[in-house]
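Here are my notes on the model, as numbered points. Please read them with the structure open.

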Amino acid sequence: MLGLRDRSERIGKIRRAERLFRLVQDLRAHGVSRAEDMARRLEVSTRTIYRDIAHLQGSGLPIEGEAGIGYLLRPGFDLAPVTFTHDQVEALALGLAYAERAGDPVLAHAAREARAKLQAGMPRPEDRTLTDAPYFSLHARMPPQARLLREAIRKRRIVQMTYRDGADRASDRRVRPLAIWSFTEGWMFTAWCELRADFRTFRFDRILDLSATAETFEETEATSLATFLARDTCEGPTLPAVPAQRELDQPLGQGLTDP
């Protein structure tokens, strides 16, 4: 089994690979683009764009231009056909089926589009290997608040929340959402809680009110998801099952969440 640090590093690599892929697609779609414009479309910093462009150029992609002027991906470049092993196709099929049945119409539509794109990019799309994969999901539907939290995680927006603990006490929180978890008993999300100045994991069914603010937050090493996953007392995605009455707002070393 991968250690926690290995898992967090792996998540970081996956995110960077996805960002690089989106950057190539953005260059193909918009022609000459300034780093500032690409940063706005991809919701990253200009510095990140410069770093990623240099990485792609160093990897041999025909990108021309320079900082302050703009960048252009020369015509004729295309990504290689998508190829997957049988196990990888089945993993994709299961994940897409889960997203389609999660109860979020935006995610469901995105999952159907992703399946069609992946199927069309396979070497033999007529085989419908992914489209007809016999994998289905009957998991509990995603809570309605999850859509707001997904967007807040993506845009790094601070969220204002009124939360009820296990003793039925309500408190107002400003949190920086980092991840959403799904368990047999329900759904939770992890955030950096400004009130507690530490990581907390909250149960969706104890949220009394939730709204996104216009404020954004900068992810630091101390408050990042990678640090949450790497902490010695955290078990990350393999957190134990949650008893129905257990309070879920405690420091990680004292359980899953705190009152």
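1. A salt bridge here is a side-chain nitrogen of Lys or Arg within 4 Å of a carboxyl oxygen of Asp or Glu. The model is a predicted one. By that rule the count comes to 14 salt bridges.

2. Start with the pair aspartate 168 and arginine 164. Their side chains meet in a salt bridge, 3.3 Å from N to O. Aspartate 168 counts as exposed, at 57% relative accessibility. Arginine 164 counts as partly exposed, at 25%.

3. Another salt bridge links aspartate 165 and arginine 169, with the closest N and O atoms 2.8 Å apart. Is aspartate 165 buried or exposed? Its relative accessible area is 6%, and the cut-off for buried is under 20%, so aspartate 165 is buried. Arginine 169 is partly exposed, with a relative accessible area of 47%. Elsewhere, salt bridges that share partners join Arg174, Arg176, Glu194 and Glu215 into one network.

4. Now the strands. E3 (residues 157-164) and E4 (residues 170-183) pair in the antiparallel sense, over six bridges. Tyrosine 163 has serine 171 in E4 as its bridge partner. E4 also pairs with E5 (residues 186-193), again in the antiparallel sense, over eight bridges. Which residue in E5 is the bridge partner of arginine 176? The partner is tryptophan 192. Arginine 176 is also one of the members of the salt-bridge network.

5. Helix H2 (residues 35-42) holds both aspartate 37 and arginine 40. They sit three residues apart, about one turn of the helix. The two form a salt bridge, with the closest N and O atoms 3.1 Å apart. Aspartate 37 has a relative accessible area of 18%; the cut-off for buried is under 20%, so aspartate 37 counts as buried. Arginine 40, at 57% relative accessibility, counts as exposed.

6. Last, aspartate 52. This residue is found in helix H3 (residues 46-58). Aspartate 52 is buried, with a relative accessible area of 1%. What joins the side chains of aspartate 52 and arginine 19? A polar contact of 2.5 Å does. Leaving aside neighbours within four places in sequence, aspartate 52 is in contact with Arg16, Arg19, Leu20 and Leu23.

Terms used
Residues numbered from 1 in each chain as written. Predicted model: local features only at pLDDT ≥ 70, side-chain atom pairs only at ≥ 80, totals over all residues. Heavy atoms only, no water. Pairing = 2+ DSSP bridges. Helix = DSSP H or I, 4+ residues; strand = E, 2+ residues; numbered from the N terminus. Buried < 20%, exposed > 50% of the residue type's maximum accessible area, 1.4 Å probe, protein only. Polar contact = N/O pair within 3.5 Å; in protein donor to acceptor, adjacent residues only side chain to side chain. Contact = heavy atoms within 4.5 Å.
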